[in-house]
Amino acid sequence: MTKKEFQHLLEKYESGLCSPEEKQLLEQFLVSFQQPANKDNWSEQKEQETGERIYKRIKGRLSETNPSTVPSSKKNRLWWVLIALLLGLSAYWITQQLHKSKAPQEEKSSVVYASLVTKEKEQKELTLSDGTIIILNENSTLKYPPTFLPNEKRRVELSGEAFFKVTKDSLRPFIAVSENIETVVLGTSFNIDARPNAETIEIALVEGKVQVATANKKKLEILLPNEQFIYFKKEQRANKSSFRGNLAYAWKEDIILFEKARVREVIGVLSEKYNIVFQIEEEESIESLLVYRVNTKAYRLSQILEHITKVTDYQFTKNTDGSITVRPK
């Protein structure tokens, strides 16, 4: 709107000759001085600056009005019309500020987390406030709220490995966070293996249904019973596969299960379980895939190694420093 059009419209407004469309146009033009384009990002400081800008801009319109071009009979009336509009807009702005200051402020809930920690060769069981049962494997840490708030999601954080039996609650999803991976469920049983030094994060579903997603809420996969999700940290890629029996969570019963495992996987599991360093020689010459189930409470490590040697093409030798060397037979 040009200065000339603005002055002409004001004169018609003052004389009561404005059509409804012209009146609406004038009001929208004046109100546009005080409304920011994006009110969501309108801070308190911006609101104050906007109020001052309203005054300056309308005052500028007054000064732009050339007295010589306005008949004296209309000059005073036009001045008072502009003053009335200025006061009306200022009153509107002040009312908005008062209304905002009286509006109840949203209270942000702060959840305080407790921690459950396990040491080497130690497992712990925890029942959360909603009845969810978590069995924490050795060398693991679980962070959880002592009480789940009624209107909050049930959220825990895991570093290490744990088995979850989640109490069903359709109104409050259960979220288990491991590094940048979130497992979202309503009521189900699943296992998460998210050891900090491991190359992967593995989620295996026993029953129910879960959604696995990254921390930025990007959906990755939906798991059904006997399916597992493996996320490769370095490559930031994932795949889904099936598993048989209790392969993924046999550790709860102190069982080690190998199903067509290569030597690198075998020594990785044994090293984690018994905290022993394994050294492998001539790995390219070792071809055996191990299928083996053993109760670690019933057998010593030396007995386990002896049995593995009998059914594979590699053998174990204990060194003076306590480490164990693996080499082809």
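Trainee: Which residue does Arg195 form a salt bridge with?
Mentor: Arg195 pairs with Glu272, and the closest N and O atoms are 3.8 Å apart. A salt bridge here is a side-chain nitrogen of Lys or Arg within 4 Å of a carboxyl oxygen of Asp or Glu.

Trainee: Where do Arg195 and Glu272 lie?
Mentor: Arg195 is in the loop between strand 8 (189-194) and strand 9 (200-207), while Glu272 is in helix 5 (residues 263-274), so the pair ties together parts that are 77 residues apart in sequence. Helices (H or I, at least four residues) and strands (E, at least two) are DSSP runs, numbered from the N terminus.

Trainee: What should I know about the model itself?
Mentor: This is a predicted model, where local features need pLDDT of at least 70, side-chain atom pairs count only at pLDDT 80 or more, and totals for chains, interfaces and linings use all residues. Residues are numbered from 1 along each chain as its sequence is written, and side-chain values use heavy atoms, with hydrogens and water left out.

Trainee: Back to Arg195. Which residues are linked with it in a network of salt bridges?
Mentor: Asp193 and Glu272 are linked with Arg195 in that network.

Trainee: Why does Arg195 count as partly exposed?
Mentor: Because its relative accessibility is 27%. Buried means under 20% relative accessible area, exposed over 50%, and partly exposed in between (1.4 Å probe, protein chains only). Glu272, at 30%, also counts as partly exposed.

Trainee: How many salt bridges does the structure hold?
Mentor: There are 11. One of them joins the side chains of Arg264 and Glu283, at 2.4 Å from N to O. Arg264 lies in helix 5 and Glu283 in the loop between strand 15 (278-280) and strand 16 (290-295), so this pair ties together parts that are 19 residues apart in sequence.

Trainee: Are Arg264 and Glu283 buried or partly exposed?
Mentor: Arg264 is partly exposed at 46% relative accessible area, and Glu283 is partly exposed at 29%.

Trainee: What about Lys240? Which residue does it form a salt bridge with?
Mentor: Lys240 bridges to Glu227, with the closest N and O atoms 3.8 Å apart. Lys240 lies in strand 13 (residues 237-242) and Glu227 in strand 12, so the pair ties together parts that are 13 residues apart in sequence.

Trainee: New topic. Where is Gln228, and is it buried or exposed?
Mentor: Gln228 is in strand 12 (residues 227-232). Gln228 counts as buried, at 14% relative accessibility.

Trainee: What does Gln228 touch?
Mentor: Not counting residues up to four places away in sequence, Gln228 touches residues including Ile203, Leu223, Lys240 and Phe243. Contact means heavy atoms within 4.5 Å.
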